[in-house]
Every structure is written in C-alpha cells, then in structure tokens.
Amino acid sequence: MRKFVWFVVAVLLSSTVAFAKQKEKEDEKKGEEKAFINSGLVTSLKFRSIGPAWASGRIADFAVNPKNTKEYYVAVASGHVWKTTNNGTTWTPIFDNYGAYSIADVEIDPNNYNVIWVGTGENNHQRALGYGDGIYKSLDGGKSFKNMGLKESRQIGGIAIDPRNSDIVFVAAEGSAWGPGSERGLYKTGDGGKTWKKVLEISENTGVNNVKLDPSNPDIMYATSEQRRRTSFSKIGGGPESAVYKSTDGGENWRKIMEGLPKVDIGGMGIDVSPVDANVVYLIMEAAEGKSGFYRSVNKGESWEKMSDYASSGQYYNEIVCDPKDVDKVYSTETVSRFTKDGGKTWTTISTDGRHVDDHAIWIDPKDTEHYMIGGDGGIYETWDAGKTFDFKENLPVTQFYRVNVDNAEPFYYVYG
C-alpha cells in the first residue's frame, strides 16, 4: 500500500512539473507573438542603403589609373577606400576589413598600377577628426592590403613614390592633433615598406603634412612641416616650427628654404611643383599677423615671391594642384574652390551650381584639362567643360552622419540625420 501511495505522489509531481513547463513554453510563445519585434524577425533583417542620394563625402583623395582613367580609387575621410572600374557607374568597397576607417591618401605605383598605397588618418585637424593606424599596401589592385607600419602616425599628410624605383616611398606623417609624440616627421623606405627611416624630424609637436617630388628629377624633393594642436575647447593652428624644406639627394638630407616667406608663425600649407616647368613651385600658406598668402618660386624653391594675399583655412584646406598643361594655372580646394590663370595674382571661383561646398581633393585629366573631378564634403563631382557643369556621383554611400534618429509617423516613419 505504501509503495502505491508513493507511486501516485511521484506521478502527480511529474505531471505538475510537465504541465508547468508546457505552460511556460506557451506563455513564452504568446509573449513573442504579442511582441512587435522578436528574435525570429530580427535575424531575418538585412541592411540596405537608404541614401541620401543628394549628398556623399567627405572625399579626401583620388588615385586614377593613368592608362585607364575609368579605373580609380577614392579615399574617404570617414568611409574607407572605394574602387571603380567603370568611371563611377558602380563602386566596390575594398578597405572595410582593415584597421582604420579614416583615410587621408591613396596612391598608385607609377611603375605597377596594381600596387596601391593607402595612408590612414585624414589629413586635417578639424573638430570631427578620425585617426589612422599607419600605411597600407596592396599588390593586387586593392583586393587585399597589408599594414606596412607607422601605426602611431595617427594622421598621414601625403605619400610620394619614386618613379625610378618602386621600393623607395616617402610618407609625410603629421602625428596626433591632440597631443605630442607619436610617429611624426618624414619617413623613407628603400625596401617597399618592410623598414622605415625617419629622414626629417622637427619635434614631438610638429609633423610633416606634404611631400612632393620634382617630376624632372626625383632626387629633388619638397616638404612642409606643420605645428598644430587641437584641444576640446580650442585649436593652435600654427607655430614657429612650421616651415618649407628641400632635399637634393633623394630625401637623405634637408634644409629650410624660406627666402621671401613671412618671418612669423606659419600654419597649414599646400605645395606643388608644375609638371610643365619643374623650376616653378607654388606654395599656399596660412600665417600670423595677416601675412597669409599665395607664393611662387621660379628657381626650385630657392626664393619665393608673394603673388597675392589669397589663402584659406590651414586646418581644413590649403591643398593646391598645378594644371598639367599650363604653368600659370593652379587650382586651390577650399570652401568654394578657385583657380588662377596668372600664377596666383588673381583667382576665379569654380561654380557650385547644384554642387556641395567644402572641397578637399581634385584630379585633373592630363590629356584633357577641361575634364576633372572634385571631391569634398558633398561627394564626387565630375566636369567635362572646365567646371561649367558637373555630374554628381550620387551612388557612393559615404555621407558623414553625426547623429541619426527616427520619429513615430504612421504608416511610414521618417529618418532624420
């Protein structure tokens, strides 16, 4: 009799536990059915681009295949690197799986168009400033990249590849905008990036933001240093350590070339050598005491002449590009970009009709100089009539949003950025 009683108790207990578990499952199922979002729904969601198609950017640099101009690479200040092989009809993101989203510079090896160099950390010191983790190299046209060092350079100002020897590469490292130290200065490799030597060092507060090779003799080189510091409440946009330098032995030794330039604290500078006449070097600078301006040298930087007071913000602009066919024509990218046709004496604004402002990159077709691309905060714009009209590349989804939110409108909610 006692065994029978215990058997009944055991059956009742197991039935109660089973009933409780079943009810718990039913309650969970009802709860999921009541919930608007459940795990089954979320796992089925896929991300898709919703625009906007009227803006893109911020674009930092272009690298165009000189033998096939419909193939080019785009460095994005806050959106990795993209490649097109059909002049922007479609794009492929090629840098999403690497260590930095902020890109300053992209360069194609002039001897091998499958070799691509990427410098990370956008080359300005605006408030919204992304930083990088050094220099990268691709040997297969951007299919894969390898980090080649200078991981503490933070912001890279420029890359220059020796056209006679692809193993010789120079990297202008700006260093952190927020503090001293880090890898800053001008670096040189003679073995394709395996090892680096600092060939120009200024101080822990001052890096190098430009490096240019003389197209007629790559042993002659130019570099500009930039002293700057950003804090949460202010910015130091220049200092006594900003200067222009020249090397005549392939970057091994450097000297200042400041004759004719203002003897005050200098901020951000841009420099370029004319491909038409390498004796002509142009320089744009921000300087203290109202001495900012545009300068020209006709003797490879040995002396400078001020052509006009024109300059722009050194923290965000001051990048210049010489025209491939006209020695007196130079382009300056800024809030509203300009060009000069008389060596910098006078300047004409480039139309922004239907186009965003704040430009940071320009590529000019060496075969047809009425054809060029401008890249900036609004994306990429291409002109075939010297800037009278522009075609906008609305399908490059790299708009730089700071904040995103949605409302409760029905039946379709609005997205705000």
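A salt bridge joins the side chains of Lys188 and Glu252, with an N to O distance of 2.8 Å. Lys188 belongs to strand β11 (residues 185-189) and Glu252 to the loop between β17 (243-247) and β18 (255-256), so this pair ties together parts that are 64 residues apart in sequence. The model is predicted, and it contains 16 salt bridges.

**Salt bridges**
- Lys188 is buried, at 14% relative accessible area, whereas Glu252 is partly exposed, at 33%.
- Asp328 and Arg296 meet through their side chains in a salt bridge of 3.6 Å, N to O.
- Asp328 lies in the loop between β23 (319-322) and β24 (330-333) and Arg296 in strand β21 (residues 293-297), so the contact ties together parts that are 32 residues apart in sequence.
- Asp328 is partly exposed, with a relative accessibility of 28%, while Arg296 is buried, at 19%.
- Asp359 and Arg355 form a salt bridge of 3.1 Å, N to O, and both residues are buried.
- A network of salt bridges links Asp162, Arg164 and Asp219.

- A nonpolar surface patch consists of Ile50, Phe401, Val404, Val406, Tyr413 and Val415, which together have about 610 Å² of accessible area.

**A buried strand residue**
- Val106, in strand β5 (residues 103-109), is buried at 0% relative accessibility.
- The C-alpha atoms of Val106 and Ala60 are 8.9 Å apart, although the two residues are separated by 46 residues along the chain.

Notes: Residues are numbered from 1 along each chain as its sequence is written. This is a predicted model: local features need pLDDT of at least 70, side-chain atom pairs count only at pLDDT 80 or more; totals for chains, interfaces and linings use all residues. Side-chain values use heavy atoms; hydrogens and water are left out. Patches are made of residues with over 30% relative accessible area and no salt bridge: like charges are joined within 9 Å, nonpolar side chains (Val, Leu, Ile, Met, Phe, Trp, Tyr) within 5 Å. Accessible areas come from the Shrake-Rupley method with a 1.4 Å probe; for residues, only the protein chains shown count as cover. A salt bridge is a side-chain nitrogen of Lys or Arg within 4 Å of a carboxyl oxygen of Asp or Glu. Helices (H or I, at least four residues) and strands (E, at least two) are DSSP runs, numbered from the N terminus. Buried means under 20% relative accessible area, exposed over 50%, partly exposed in between (1.4 Å probe, protein chains only).
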